Amino acid sequence: MTEPVYDPERARRLAQLLRALAARIDAFDDDRDLLAAGPELLRLMGDARSELFHYEVRCTYDTPEIAESRRVVDEARRQAEATEQTFHEADESEGEEPWRNQ
């Protein structure tokens, strides 16, 4: 099973892979050579694309601890909004001159 997070060493290797791809493209002197290297570049781009996909998925992965923290914060936010709505409705039901209700 693979790790759900993307460790710093793997991120460093991804950056190197992308730089190597850029350097390889930059190394071609003319358009004809660049276009003739299509199969090689497609392979390199495929490797980079695959690794970038893994990076994106794993960088956005929530560990169980983060997911629980996010759930607690979302629940607290919902409760605060519900409380605020209740107070707002209570203020409206009192009218503009609440002292007259006494």
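**Entry 1: arginine 13 and its partner.** I began with arginine 13, which comes out as partly exposed at a relative accessible area of 43%. I keep in mind that this is a predicted model. Looking for a partner, I found that arginine 13 forms a salt bridge with glutamate 9, the closest N and O atoms being 3.8 Å apart. Both residues lie in helix H1, four residues apart, about one turn of the helix.

Entry 2: Glutamate 9 and arginine 12 are separated by about one helical turn, because they are three residues apart in helix H1. I noted that glutamate 9 is partly exposed at 35% relative accessible area, and that arginine 12 counts as partly exposed at 40%. Taken together, Glu9, Arg12 and Arg13 are linked in a network of salt bridges.

Entry 3: Arginine 71 is partly exposed with a relative accessible area of 41%, and glutamate 68 is partly exposed at 40%.

**Entry 4: the nonpolar core.** Which residues make up the largest nonpolar core? I listed six residues in all, namely Leu21, Phe28, Ala37, Leu41, Leu44 and Ala48. The largest share of this core, three residues, comes from helix H3 (residues 38-59). Turning to phenylalanine 28, I found that it touches Asp33, Leu34, Ala37, Glu40 and Leu41, when residues up to four places away in sequence are not counted.

Entry 5: H3 has 22 residues and reaches 31 Å from its first C-alpha to its last, close to the 32 Å expected at 1.5 Å a residue. I noted its buried residues as Leu41, Leu44, Ala48, Glu51 and Arg58. They lie on the same side of H3, because they cover an arc of only 130° around the axis. The face turned away from this buried side carries the exposed residues Pro39, Leu42, Arg49 and Phe53, while the cover over the buried residues includes helix H1 (8-27) and helix H2 (31-36).

**Entry 6: glutamate 51.** Is glutamate 51 buried or exposed? I found glutamate 51 buried, with a relative accessible area of 16%. Leaving aside neighbours within four places in sequence, glutamate 51 is in contact with Tyr6, Arg10, Leu14 and Leu17.

Terms used:
Residues numbered from 1 in each chain as written. Predicted model: local features only at pLDDT ≥ 70, side-chain atom pairs only at ≥ 80, totals over all residues. Heavy atoms only, no water. Core = buried A, V, L, I, M, F, W, Y, C linked by side-chain atoms within 4.5 Å. Buried < 20%, exposed > 50% of the residue type's maximum accessible area, 1.4 Å probe, protein only. Helix = DSSP H or I, 4+ residues; strand = E, 2+ residues; numbered from the N terminus. Contact = heavy atoms within 4.5 Å. Expected span 1.5 Å × (residues − 1). Arc of directions from axis to C-beta. Salt bridge = Lys/Arg side-chain N within 4 Å of Asp/Glu carboxyl O.
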